[in-house]
Amino acid sequence: MDFRKLTDEYFDQYIKDLNDLVSIESTRDVEHAAPNAPFGPNVAKALETMLEMGKRDGFETKNYDGYAGLITLGDGQESVGILGHLDVVPLGDGWTKNPLAVTEDQGYLYGRGVLDDKGPFLAGYYAMKMLKDLNVPLKRKVMLIAGTDEESGMGGIQEYVKTGPIPTMGFTPDAEFPVIYGEKGNLHITLDSDQPSIIEDFQAGTRPNIVIAKADAILNTDQFDENLYSFFLKTNGLKGRGWVEDGKVHLYAEGKAAHGSLPYMGINSGVLLLNYIANAYHDKLAGELYELLKDWKGVPEGIDVNGVYMGFLTMNPGIITIHDGHAHVLIDIRYPNDTEPEKILKGFEEACTDFARDVKPAIVYAGKPLFVDPNSKLVKDLMASYAKYSGDTFSPAITIGGGTYAKMFDNFVAFGPEKPWVRPPKGVHVGGCHEADEGISVDALKEAIAIYADAIVRLANE
């Protein structure tokens, strides 16, 4: 059975369904939470839209009070799970395509969620749909689980596991090919200080897992050197401007957003603006914060660990605010299974003692790493399906820094849909996860549907 050829027959309907999902701006909105809509009306609408697709196609569906949805195929005491999410990060600026519609251009699909994670999740659904339409025999039940709060703490699935059925094994289509058998632990550390500063207001960042793209500051001074600030912007790859208004200096800096697990792929305007203020105005608070935040490996804190399986610890200062005399920083850290949160916090405490005594660190969230034996049957079966339809028999199973839903269940891994080594043609810009012009190639999605269908058959029958 050639699932790749079958995918072509389903793809027009897939695009229509994907557009229906992408058109919903399903960002977290707890201010408008309601019964069966704990993360706001748009997230609830996306979930209900997905479940309506399942009902339309003859699947059994269930809505778990707006926290998650379940679409099932077949029966059996054991089950194979596909876990994805329908929430997205804020749209942001800089789009050249409509973020709330699926746009196809030069072999790529664009729109918020086409890559993270509406497009890949729907690919898993269409893999199930093909198997159902073809009456492919399955010994294990297949469970497609739709999450609603992956981008903001995974609260939806945490509620789901209290009452919903848990798959025996499975994967989440929310990362890269081949199989991802390990994910770094996720740690959020805050830094707080009431140290006096020339900074009256500082606002930078929206989410801890996004590299800060834009930063604004207001300083209690009317002294501003336009040439110096222009030099600072140019030498750091930033855009922006500075001016004096009502006797106070206003500074704006714009860098480059990136996923928080890949801080070296972005330009953190918030951290760099602290450095400018520290040096141009001899500000002690800005200088201390910069010294703590300047290195994405955490060298100043002595937490720079290069893991045997998972590689380097990474550190992303995602939110920096200073207001009413109080400074607050929220740092997103991805750590390998060679270290642990307590050691990381100790590193921050010792660094603060050494050169930033007025800054107080604390852990506000700690998530464990994921590790599945790369020689397990689950990993080997998924690798076989990947090799069959990709033709890639060389690439090994890998580990990543980004945290996925795979951490929520035992015996789960992340699986596709992208190949990180495949780049768009020269002159074609395709944004990544959380970026403007987020996109994925048509061929990658078609291949993913075929791989997922083959993988389900393997996992559900062997």
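Colleague: Where is the kink in helix 1 centred?

Modeller: Helix 1 (residues 3–22) bends by about 50° at Tyr10, the bend at a residue being the angle between axes fitted to the seven residues ending there and the seven starting there. Helices here are DSSP runs of H or I with at least four residues, strands are runs of E with at least two, and both are numbered from the N terminus. This is a predicted model, in which local features need pLDDT of at least 70 and side-chain atom pairs count only at pLDDT 80 or more, while totals for chains, interfaces and linings use all residues. Residues are numbered from 1 along each chain as its sequence is written, and side-chain values use heavy atoms, with hydrogens and water left out.

Colleague: Which residues of helix 1 are buried?

Modeller: An α-helix has 3.6 residues a turn, so residues three or four places apart point the same way. In helix 1 the buried residues include Phe3, Leu6, Tyr10, Tyr14 and Leu21; buried means under 20% relative accessible area, exposed over 50% and partly exposed in between, with a 1.4 Å probe and protein chains only. Their cover includes helix 2 (41–56), helix 3 (118–133) and helix 10 (442–461).

Colleague: And in a loop, is Thr27 buried or exposed?

Modeller: Thr27 sits in the loop between helix 1 and helix 2, and counts as buried because its relative accessibility is 16%. Beyond neighbours within four places in sequence, Thr27 is in contact (heavy atoms within 4.5 Å) with Phe39, Val43, Val88, Val89 and Pro90.

Colleague: Which strands pair with strand 17?

Modeller: Two strands pair if DSSP finds at least two bridges between them. Strand 11 (residues 199–204) is joined to strand 17 by four bridges and runs antiparallel to it, with Asp201 partnered by His323. Strand 18 (residues 326–335) is also antiparallel to strand 17, over nine bridges, and there Met315 stands opposite Ile333. Strands 17 and 18 make a hairpin with two residues between them, where Asp324 in the turn has a positive phi of about 50°.

Colleague: Why is strand 17 described as largely enclosed?

Modeller: Eight of the ten residues in strand 17 (residues 314–323) are buried, so the rest of the structure largely encloses this strand.

Colleague: Which element gives the largest share of the lining of the second largest pocket?

Modeller: Strand 17 does, with three residues. By class, that lining has eleven nonpolar, four polar and two charged residues.

Note on methods
Ala, Val, Leu, Ile, Met, Phe, Trp, Tyr, Cys and Pro count as nonpolar, Asp, Glu, Lys and Arg as charged, and the others, Gly among them, as polar.
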